[in-house]
Amino acid sequence: MGLDWRPLGKPKPECKERFDQLFRILNGTDPIPVIPGTKKRYSREALKEEWFEIQIPSYETIKAPMVGRDPEADAWVKAQYDASDKSDSLEFWYQHYKGYYVIELAKETDGVPVYISEIQDENVFRGKFVTTFCEELIGKQLYEAAWETHLAESTVQYGEQLLEVADKLATKHELLYLKDQHLPPDIEVGSLPSQVHILYAAARWLIFYGKNGHGFEADH
């Protein structure tokens, strides 16, 4: 079974209470409310639509330029077009990509992980690296938490807990240099240095999004 951590949007100003309420409803913690003056309940689709309407997407937090708004994103489209067979017009390419966030040009790199899913956006952390290679190191409680969806506050807490585990291991085994190393060590995946780097990378990603108001969805 695979596991990806997808950053959630964060609530727009003055919408946090409603955002959290809708999150609980959509995740089954709270019941779906009844429409006032009727005996009918709101549809999940309507509640989900409202939830997305009061969100700021994670792409804005990592400062990824958007096609049609930011010159560097438009230049990226032009580069993609120039490298193509040009069977369609440049205008067609611009229209096709309009509104697209170019994550590879994001300025906040802590939100763009090196451990990524091959089928998800580039700012989605491949949680399977943590659950597959670090299960014995983090223990049952933190392992189970990896499979749960979290709001911002618990995302920060979870990141700090993984960071604590990584720091203890790194200190004991003289691996603290991995804490600020972005790329994985050139060593077998699953070895201790690899495990410590995975934990540091996961913690950095979680703390970045959590402190910026984003939770994450455990997609499995």
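Which element gives the most to the lining of the largest pocket? I find that α2 does, with four residues. Helices (H or I, at least four residues) and strands (E, at least two) are DSSP runs, numbered from the N terminus.

The model is predicted, and local features need pLDDT of at least 70, side-chain atom pairs pLDDT 80 or more, whereas totals for chains, interfaces and linings use all residues. Residues are numbered from 1 along each chain as its sequence is written, and side-chain values use heavy atoms, with hydrogens and water left out.

**Entry 1: the largest pocket.** On a 1 Å grid over the protein atoms alone, I took a pocket as an open set of points with protein on both sides within 12 Å along at least five of seven lines, and a cavity as a set where a 1.4 Å probe fits but cannot get out; lining residues have an atom within 4 Å of a point. A volume is the space filled by probe spheres set on the points, which are joined across faces, edges and corners. The largest pocket holds about 350 Å³ of space. I count 17 lining residues, with L8, W51, F52, Q55 and E217 nearest the centre. Two or more residues come from each of β1 (4-7), α1 (16-26), α2 (44-53), β3 (55-56) and β4 (216-219). The lining has nine nonpolar, four polar and four charged residues (Ala, Val, Leu, Ile, Met, Phe, Trp, Tyr, Cys and Pro are nonpolar, Asp, Glu, Lys and Arg charged, the others, Gly among them, polar). This pocket lies between domain 1 (7-56) and domain 3 (114-219), because both give residues to its lining; the bounds come from an automatic or database domain assignment.

**Entry 2: the cavity.** My search of the whole structure returned one cavity of 30 Å³ or more. The largest cavity has about 60 Å³ of space. Its lining includes F125, H182, R204 and W205.

**Entry 3: aromatic rings.** I paired rings of Phe, Tyr and Trp (its six-membered ring) with centres within 6.5 Å, planes under 30 degrees apart being stacked, over 60 edge-to-face and the rest tilted. The count is 21 aromatic pairs. F125 and W205 have ring centres 5.9 Å apart and planes at 50°, so this pair is tilted. F125 is in the loop between α5 (90-97) and α6 (128-133), and W205 is in helix α9 (residues 192-211), 80 residues apart. Both F125 and W205 are buried (under 20% relative accessible area, 1.4 Å probe, protein chains only).

Note on methods: Buried means under 20% relative accessible area, exposed over 50%, partly exposed in between (1.4 Å probe, protein chains only).
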